[in-house]
Amino acid sequence: MLPLGLRGLWSGPDLTENPVSLSKEQVQHIAMLARLQLEDGEFDDMIDKLSRIVDFFDQLQAAPTNDVLPMAHPLNMSQRLRADVVTESNERDLIQGNAPSTEDGYYLVPKVIE
Amino acid sequence: MATNSNELHTRTLAELAGGLAAGDFSSRELTEALLARIESHGSSLNAFITVTEEAALAQADDADKQRAAGEVGPLNGLPIVHKDLFCTKGVLTTCGSRMLENFVSPYDSTVVERISSAGAVLLGKTNMDEFAMGSSNETSYFGPVKNPWDTKLSPGGSSGGSAASVAARIVPAATGTDTGGSIRQPAALTGITGIKPTYGRVSRYGMVAFASSLDQAGVLTRSAEDAALLLGVMAGLDPRDSTSVDEPVPDYVGGLSKPVKGLKIGVVKQHFNEGLDEQCGNAVKDALKALEGEGARLIKIDMPNIDLSVPTYYVVAPAECSSNLSRFDGVRFGHRADEPEDLLDLYCRTRGEGFGEEVKRRIMTGTYVLSAGYYDAYYLKAQKVRQLISRDFMNAFEAVDVIAGPTAPTVAFAIGAKTDDPVTMYLNDIYTISANLAGLPGLSIPCGRADGLPVGLQLVGPHFSEETILACAHQYQQITDWHQACPEDFR
């Protein structure tokens with residue numbers, strides 16, 4: 001059960017019981033898409049909590065959204081464009097000061113092509 | 001007036017500005033007094049990630065010189081702290097994350113730049129939920145911030161360090177950011193004033209991005225007057241943020257004197273359902289009566305889609321977060337895993353090690369709702385429901401000038417109380433999230449007590465109505481003194 005004070009805040013099912021469960025394979029797939037390594041100990045908790053969150057989303061399905069345009073911008077505005085001109089100076093050395101590994105102005109990563 | 005530097009911390013920004021202008025004390029004296037206050041009272045709250053002592057004293061001396069030369073910016077010599085997600089040149093900017101534990105920003109965000117150009121003195125960077133993802137400050141890599149009203153309690157989040165340091169009279173004002181309530185909820189839980197402006201009102205340039213269609217910078221202060229002063233400096237068009245809006249910035253301080261007589265205040269039926277703590281609800285109702293007593297008209301309104309705000313937000317915000325946080329890859333800045341086997345291993349382990357639990361969960365949620373086969377059912381659906389919620393507001397603003405109600409369903413809760421179930425934590429933002437979804441300005445001011453702890457009153461207005469909600473808040477603060485209450489251990 002939810003703590004007192006938070007009950008009745010929404011009309012959906014009791015979210016803390018029997019959530020629709022995502023499978024371990026699904027969660028592994030999402031983790032790979034997100035380029036996130038999860039340790040073995042993290043998986044069960046992630047499956048459990050992610051399942052609860054996704055379950056929570058199901059109440060959206062009943063909302064009447066036929067003929068409603070998705071909201072792409074909070075003010076329903078289009079974005080301003082600017083002229084395609086250089087506005088910044090070259091500050092490579094300053095910026096690369098935060099890089100974990102560089103050489104001759106390049107960023108170093110593990111070898112990609114044999 | 002003789003000035004005792006032992007009481008400078010008790011003054012508001014406006015009072016300090018008056019004192020500096022009158023020559024009662026210098027910015028150097030003020031800065032030294034507040035640095036001492038950080039030293040004596042800051043660590044018990046874990047409110048700061050970085051204290052910029054040396055730079056602060058140098059800035060204070062500059063401010064004093066400028067004043068002597070008659071070049072006085074609107075914030076000359078006044079102290080400020082920034083939430084640690086505003087990029088600050090040459091200063092650590094961690095976002096409360098291991099990922100950015102060693103990141104020294106090579107540039108200033110527009111907010112930092114404008115406040116600094118106005119003459120303010122930066123005292124430090126405040127603790128926060130990791131990447132602003134949290135409602136209790138417990139997700140910070142640097143440990144939770146404590147609530148000055150009771151250090152066993154959370155100050156709320158994600159701008160918890162900013163809120164706690166203002167509430168504890170350590171600093172008079174702080175910046176914050178609000179994606180789903182991250183300024184208003186901690187302001188409510190610590191008994192201070194916090195405003196999230198209209199989307200696009202303040203530049204997001206140099207703010208570490210969480211959810212780009214929802215993020216907005218704002219301020220946490222002790223009064224609406226101080227919020228008006230600071231917001232006036234921060235707001236306005238910035239060519240470096242393509243979503244910043246070209247609307248003139250009104251004189252917020254000048255607008256504060258507008259009386260509430262005749263103001264039409266909407267009271268949303270759904271805001272007073274059984275989920276609201278009874279004592280909190282009573283405090284909010286008393287505040288509404290006080291405004292009615294000043295001549296405002298209370299009008300009941302119905303917002304049929306507002307209950308869907310939380311699930312809508314927790315689809316949209318993680319989707320944007322999963323995209324924004326893809327930049328943290330261990331290549332150009334931030335944490336990098338040791339001895340990667342290959343590039344994929346570098347990415348996956350860097351991100352697995354660098355991000356905390358809640359951030360990983362949101363990245364996973366966002367990746368899921370955007371993934372093939374689920375996009376239409378979750379992300380597209382949520383963006384449509386977002387439009388319905390926005391329409392509810394537009395319809396409401398045909399009939400009323402502002403909407404008033406509770407900021408949070410309960411008062412401050414214990415650290416550790418809600419960490420087991422993410423959905424329970426998400427519901428803390430039930431009253432604040434809708435303003436972000438619709439891009440509206442919202443503020444929270446203290447309006448009473450429940451169980452001895454502060455309760456917040458939230459005011460939300462139409463786009464670019466900051467002047468109206470600030471004036472309403474200021475007028476309320478002229479007839480009440482909740483905003484002057486200070487936690488006992490921090491007087």
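## Strand pairing in chain B

Two strands are taken to pair when DSSP finds at least two bridges between them. In this predicted model, strand β10 (residues 442-450) of chain B is joined to β11(B) by eight bridges, and the two run antiparallel. Within this pairing, Leu443(B) has Leu459(B) of β11(B) as its bridge partner. The hairpin formed by β10(B) and β11(B) has two residues between the strands, and Asp451(B) adopts a positive phi near 50° there.

Strand β9 (residues 402-406) of chain B is also antiparallel to β11(B), with four bridges between them. Here Gln458(B) of β11(B) lies opposite Gly405(B). Strand β11 of chain B covers residues 453-460; because eight of its eight residues are buried, the strand is largely enclosed by the rest of the structure.

## Contact between chains A and B

Chain A contributes 53 residues to the contact, and chain B contributes 66. On the side of chain B that touches chain A, at least two residues come from each of α9 (309-324), α10 (343-354), α11 (357-370), α12 (375-399) and α13 (422-426). The most is given by α12(B), with 11 residues. By class, this side of chain B comprises 31 nonpolar, 21 polar and 14 charged residues.

## Val109 of chain A

Val109(A) lies in the segment that follows β2 (106-107) of chain A. Residues up to four places away in sequence aside, Val109(A) touches Val331(B), Leu343(B) and Leu346(B).

Is Val109(A) buried or exposed, or partly exposed? A buried residue needs 20 or more other C-beta atoms within 10 Å of its own, and an exposed one has 12 or fewer. Val109(A) has 17 within 10 Å and is therefore partly exposed.

Technical notes
Residues are numbered from 1 along each chain as its sequence is written. Chains are lettered from A and ligands numbered from 1 in the order in which they are written. This is a predicted model: local features need pLDDT of at least 70, side-chain atom pairs count only at pLDDT 80 or more; totals for chains, interfaces and linings use all residues. Two residues are in contact if their C-beta atoms, placed from the backbone, lie within 7 Å. Ala, Val, Leu, Ile, Met, Phe, Trp, Tyr, Cys and Pro count as nonpolar, Asp, Glu, Lys and Arg as charged, and the others, Gly among them, as polar.
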